[in-house]
Amino acid sequence: MAPTYRAIQERYGKLIDIEKIDVDQRPELATDYQIRGVPSLIMTSSDGVIARQVGALPLKELSVWVERNINTQNRTSHNVT
């Protein structure tokens, strides 16, 4: 997944922060975010979890997932303002 994450960082790095967390070294985060499978992708905002994806995705599908959830968050934020 590392090459896919780097490509996502290059595409969306100005819009989102991407962090790779080793759940063996940070078990409290695995508990807090109820991670049961690796890799787990979790998109969050100040309001909490926006979306989850468990399991690896090819770059194209991961890009669609990111876009869909960024757009959902932007619509939500826009409607609240």
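User: Let us start with Glu28. Is Glu28 buried, exposed or partly exposed?
Analyst: Glu28 counts as partly exposed, because its relative accessibility is 37% and the partly exposed class lies between under 20% for buried and over 50% for exposed. Please keep in mind that this is a predicted model.

User: Which helix holds Glu28?
Analyst: Glu28 is found in helix α2.

User: Let me step back. How many helices and strands are there in the chain?
Analyst: The protein chain has 3 helices and 2 strands. Read from the N terminus, the order of the elements is α-α-β-β-α.

User: What box do the C-alpha atoms fill?
Analyst: Taken along the principal axes, the box is roughly 40 × 25 × 20 Å.

User: What share of the residues is buried?
Analyst: Of the 81 residues in the chain, 27% are buried. The chain exposes about 6,100 Å², and carbon and sulfur atoms supply 49% of that area.

User: Now the inside. Which residues form the largest nonpolar core?
Analyst: The largest nonpolar core has 12 residues: Tyr5, Ile8, Tyr12, Ile16, Leu41, Met43, Ala51, Leu57, Leu62, Trp65, Val66 and Ile70. Two or more residues of this core come from each of α1 (2-12), β1 (40-45) and α3 (59-80).

User: Which element gives the most to this core?
Analyst: That is α3, with 4 residues. As general background, nonpolar side chains tend to be buried together in soluble globular proteins.

User: What about Thr4, buried or exposed?
Analyst: Thr4 is buried, since its relative accessible area is 16%, and the limit for buried is under 20%. Thr4 is found in helix α1. Apart from neighbours within four places in sequence, Thr4 is in contact with Leu57, Leu59 and Leu62.

User: Let us turn to residues in loops. Is Leu15 buried or exposed?
Analyst: Leu15 counts as exposed because its relative accessibility is 63%, and exposed means over 50%. Leu15 lies in the loop between α1 and α2 (27-32).

User: And Asp47, buried or exposed?
Analyst: Asp47 counts as exposed, with 71% relative accessibility. Asp47 is in the loop between β1 and β2 (48-54). From C-alpha to C-alpha, Asp47 and Lys14 are 20 Å apart in space, and they are 33 residues apart in sequence.

User: Which peptide bond is cis?
Analyst: A cis peptide bond joins Val38 and Pro39, with omega at about 0 degrees. Pro39 is in the loop between α2 and β1.

User: What is the phi of Gln34?
Analyst: Gln34 has a positive phi of about 50 degrees although it is not a glycine. Gln34 is placed in the loop between α2 and β1. In general, most residues other than glycine have a negative phi, and most peptide bonds are trans.

User: One last topic, the largest pocket. What space lies in it?
Analyst: About 1,100 Å³ of space lies in the largest pocket. The pocket is lined by 35 residues, of which Ile18, Glu19, Ser40, Leu41 and Ile42 lie nearest its centre.

User: Which element supplies the largest share of the lining?
Analyst: The largest share comes from α3, with 7 residues. At least two lining residues are supplied by each of α1, β1 and α3.

User: How many nonpolar, polar and charged residues are in the lining?
Analyst: The lining has 22 nonpolar, 7 polar and 6 charged residues.

Methods:
Residues are numbered from 1 along each chain as its sequence is written. This is a predicted model: local features need pLDDT of at least 70, side-chain atom pairs count only at pLDDT 80 or more; totals for chains, interfaces and linings use all residues. Side-chain values use heavy atoms; hydrogens and water are left out. A nonpolar core is a set of buried Ala, Val, Leu, Ile, Met, Phe, Trp, Tyr and Cys residues joined through side-chain atoms within 4.5 Å. Buried means under 20% relative accessible area, exposed over 50%, partly exposed in between (1.4 Å probe, protein chains only). Contact means heavy atoms within 4.5 Å. On a 1 Å grid over the protein atoms alone, a cavity is a set of points where a 1.4 Å probe fits but cannot get out, and a pocket is an open set with protein on both sides within 12 Å along at least five of seven lines; lining residues have an atom within 4 Å of a point. Grid points are joined across faces, edges and corners, and a volume is the space filled by probe spheres set on the points. Ala, Val, Leu, Ile, Met, Phe, Trp, Tyr, Cys and Pro count as nonpolar, Asp, Glu, Lys and Arg as charged, and the others, Gly among them, as polar. Accessible areas come from the Shrake-Rupley method with a 1.4 Å probe; for residues, only the protein chains shown count as cover.
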